[in-house]
Amino acid sequence: MFKLHYKLERRAIGLTLAIIGAASIGGIVEIAPLFTIAETVEAAPDMRVYTPLELAGRNIYMREGCYACHSQMIRTLKDDVDRYGHYSLAVESKYDHPMLWGSKRTGPDIARLGGKYSDEWHVRHLINPRDVVPVSIMPAYGWLMERTLRMDDLSSQLAAQRAVGVPYTGEMIANAAADAYGQANPDSNAAAAVAERYGEATNVRTFDGDAQRLTEMDALVAYLQILGNLIDVNQKTAAAETE
Amino acid sequence: MTVPISHETMVWIAKTFGLLYLIALSIIVLGYAYWPSKRKEFEEAPVTILNKEDRPWQ
Amino acid sequence: MLSQLTKGERQGALTILLAMSLLGVAIAAGGRGDPIATHGFLIVILSLGMAVPVMRHLFDPEPSSARLRSYYDDPSKAGIVLTMAWAAFALFIGDWVAWLLVNPNLTFDGAWASFGRLRPVHTTGVIFGFGGNGLIATSFYVMQRTSRARLADQFSPWFVLIGYNLFCVLAVTGYMLGITQSKEYAEPEWYADLWLLVVWVVYFILYLRTLSRRQEPHIYVANWYYMAFIVVVAMLHIVNNLAVPVSLVGAKSHSLFSGVQDALTEWWYGHNAVAFFLTSGFLGMMYYYLPVRAGRPIFSYRMSIISFWGITFMYMWVGSHHLHYTALPQWVQTLGMTFSLVLLVPSWGSAANALLTLNGAWHRVRDDATLRFMMVAAVFYGLTTFEGSFMAIRPVNSLSHYTDWTVGHVHAGALGWVAMITFGAIYASVPWLWKRERMYSPALVELHFWLALAGTLTYVFAMWNSGVIQGLMWRTYTENGNLAYSFIDSLVAMRPYYIARAIGGLLFLLGALAGCLNIYLTIRHAPLASDAEGSQSKPLYGQPAGGSLQPAE
């Protein structure tokens, strides 16, 4: 059936090769140097990876298409910095597979949202944005509160992240589900291990206000609260300037 | 992902090679388009599609 | 249609459909508890649904060899119907999400109906569903006519068309189910991406095989553009979608690239999807349909070749203009900006070439809405490429980026250029393909034209206004050096423009629906072309009797 005996004659092949030749150069020239850039700029040894709960929250953020309206990239423009905080550094999205810089601000930039509002504010806002911001046009995400967070695949999520270069340890991968549970249940036995593995600064709280259940709301709020807080950005730039 | 070339070299190649390539390609394309022996081909091609007969040549 | 296939082709089709349904069963069974299972079921239903009619015709007699003396147009016909179906669906979703920004409660409490999930349904539906099907359908048509050769076989065009639509269906349903890799304009997950790759390779080989049957040594330039579309989209698709799946029976994957590299890869892809999907392919369409419909050869054939290489070479450099003032190294931003400006030369070359072709045929543009669709498309192409180069300038971009201006720019291109040239090509092809004298109702074509134009202008002006206002409000300072407006202030200011935009979109949708109706009526009720039985000539619009076909140069 797939008879390939028509000779694929020379002109058509030549045209194809010429197209590939002309079209590939620009991309290679622009992208290739970015893979060496890591050696020369910005190393951030203190930067931590996302906890399993935050990673799950990030996946929900992607699933709901939040990036369509919220950017996570503060430009080096004065009004951007005055409005949203310190401009975004390349290193801050180093573990973001894929990046979520976004291209449109139908809502505000949220690169430095973490810690700006309380967990309770976020939960209320996600359940119905207009309860908190009357003129908001953001969709309501009330059902996040009803959905139990999927835990069975957390270890393999972390493993896939490690496969693309995020430095998760074997221990982190093995305990992913327990850590997710522990991070949202400060009173449980699992809580201490989270801080141990991911650092003392990790938020360990009942994000959605309900310790009974681990919901998608827990995960999403945990993610939103870490935005911009993976490294201490002011200390980072100060260090870079003295060097 | 480490590449054996240093970053400066990569950037240097990117900045110079691109420009040279652009100039070279422009010359090749203009040469091709205005090559004297191609003239007939390029004059006939746009007219052939206006052919009224709607069936394969075979 | 099925009895047109040879026995071998029918058997092959059945084998592939049954293999697909087994694959679907495997996905559904292996992926229990994962959203991918739904896609498994969907694949089973679709492939079995198609296998039934194939089985019914399995033992039909071989088709007569007379078929080889005409072009194989059934896939083009199906493709055009699918194009219009996707247009109606995706424009409807687009207008819905436009209204969501006016009234966010129009989600009816469904997770699947929130803006973030429906927006990629709209973008994928219009770009890949509407645009992609339009390109595939017309490319089959054009490659045969310009090569004067029948498609190389009857099976692979169907595989390409149906396989491609399966990809679109998986993509669109996926978003609503929450399956996405969140890369803009490349949202489908790894398994849909792999499937598209298979389809694309078959498409490419089919194109080469058909071209190789031509008699003339020269390959008509429209084919160059279609080939660039096929080849480069394959490159972009492969590189941008490199990812590691979490599990072979799970939908989720993690992108191979991260941060800055991912951003540049994404916009290298994103901008070149604009270049090679939404520009190159549709230029191929234009370089065939516009001269044929106008009955005049293209103004300058050489210019079309030079523009071709200009576009093919330069677009690849400009993706970084999406990332001005970000964490991307500045030299890459400058490179992107510079090439964006140079790119205006080949872009305007193409637009001018199209308009100059119409010189001497302006009375036809006035009388024939189909040709007018193509003319307006060329004008919008020129305007949008100019606007694009302008917006790529760093200081301009600092105002326009992240605002509705970008949305307006994209829609000037998508509605004004892509959709208009496609509608023009479809209105030209439908009577030719179904052997009708003309479209059922020229008045409906006329109505569609004015609705489309009014809708596009309303949309674009609304977004220009809102974008510029937004950008200015964000950067306005009070005398004390504080920001003058909160983000919420700018949001409130957008509301009238969002309403205007949604109305513009509605007009455009209504136009497309008028088009669907007209095409349906043409297929069903329009009179057959007078010479349809015997002579197989294409009813060119107002074809003058010989003599006037010299190049205009």
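Predicted model: local features only at pLDDT ≥ 70, side-chain atom pairs only at ≥ 80, totals over all residues.
**View 1. Contact between chain C and chain B.** Chain C contributes 44 residues and chain B 29 residues to the contact (heavy atoms within 4.5 Å). About 3600 Å² is buried between the two chains, 68% of it from carbon and sulfur atoms (accessible area, 1.4 Å probe, lost on being put together and summed over both parts). On the chain C side, C:Arg148, C:Arg302 and C:Trp331 lose the most area to chain B, together 21% of what that side buries.

**View 2. Polar pairs and helices facing chain B.** Six residue pairs are in polar contact between chain C and chain B, both residues at pLDDT 80 or more. H9(C) gives the largest share of the chain C side, seven residues.

**View 3. Contact between chain C and chain A.** Here 100 residues of chain C meet 83 residues of chain A, and the buried area is about 7800 Å². C:His254, C:Tyr402 and C:Phe487 supply 10% of the area that chain C buries against chain A, more than any other three residues.

**View 4. Salt bridge at the interface of chain C and chain A.** Three salt bridges link these chains (side-chain nitrogen of Lys or Arg within 4 Å of a carboxyl oxygen of Asp or Glu). In the one between A:Lys104 and C:Asp404, the closest N and O atoms are 2.9 Å apart.

Residues are numbered from 1 along each chain as its sequence is written, and chains are lettered from A and ligands numbered from 1 in the order written. Local features need pLDDT of at least 70 and side-chain atom pairs pLDDT 80 or more, whereas totals for chains, interfaces and linings use all residues; side-chain values use heavy atoms, without hydrogens and water.

Technical notes: Polar contact = N/O pair within 3.5 Å; in protein donor to acceptor, adjacent residues only side chain to side chain. Helix = DSSP H or I, 4+ residues; strand = E, 2+ residues; numbered from the N terminus.
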